[in-house]
Amino acid sequence: MLALAITDLKDFTEKLFIGSVFDPFFLVEASFTTFGRFSIDGRLQKEFFDTDERKLLQENARTYTYWGDVKYYCRFIIRGKRTPLQFKIILSSDGKIGNRLSVSPGIADGLYLNLQFRDGLLQCTTGVSLKTFSPDRKPEQLWDDFILNYFRSQEILFREL
């Protein structure tokens, strides 16, 4: 597991809510606390879609919506003159990343990036959900390295915790 503190909050939140840096990730869930608490479940509701769309989702084994499809609504919740009291966003690899990292779907259920903002601090942690216990930490190391390199390539400033 990797734990990072974001050192340029304004730049990061612009990349998260306005830019396209995190668009290819799936949204697992998000919660925002402003004057009230708002929660979003990123799990797709297959019944909402027509037959052709549902078939395409099944062919791609897609369970979650992309962050890029939801970020507008999240930005709408937190916009205004006041900073949110807190937010938590759980993103997941879209599967293509796992394939590039050679993390077999038979081994890992998910590769996660958790973003948590509270008390003016934004922390990012990584996590890997394995299907069965394994003493091999290679999937976790590959995911952590990917996130570090991805943040650097997107010029996201951070310090390791």
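Helices (H or I, at least four residues) and strands (E, at least two) are DSSP runs, numbered from the N terminus. By this definition the protein has five helices and eight strands, arranged along the sequence as β-α-β-β-α-β-α-β-α-β-β-α-β. The model is predicted: local features need pLDDT of at least 70 and side-chain atom pairs pLDDT 80 or more, while totals for chains, interfaces and linings use all residues. Residues are numbered from 1 along each chain as its sequence is written, and side-chain values use heavy atoms, without hydrogens and water.

**Overall form**

| Property of the protein | Value |
|---|---|
| Box of the C-alpha atoms along the principal axes | roughly 45 × 40 × 25 Å |
| Accessible surface (Shrake-Rupley method, 1.4 Å probe) | about 9,800 Å² |
| Share of that surface on carbon and sulfur atoms | 51% |

The radius of gyration, taken over C-alpha atoms, is 16 Å; this agrees with the value near 15 Å for a compact globule of 161 residues, by the rule of 2.2 Å times the number of residues to the power 0.38. Of the contacts (heavy atoms within 4.5 Å) between residues at least 6 apart in sequence, 66% join residues at least 24 apart.

**Helix α5**

Just after α5, E155 adopts a positive phi of about 55°.
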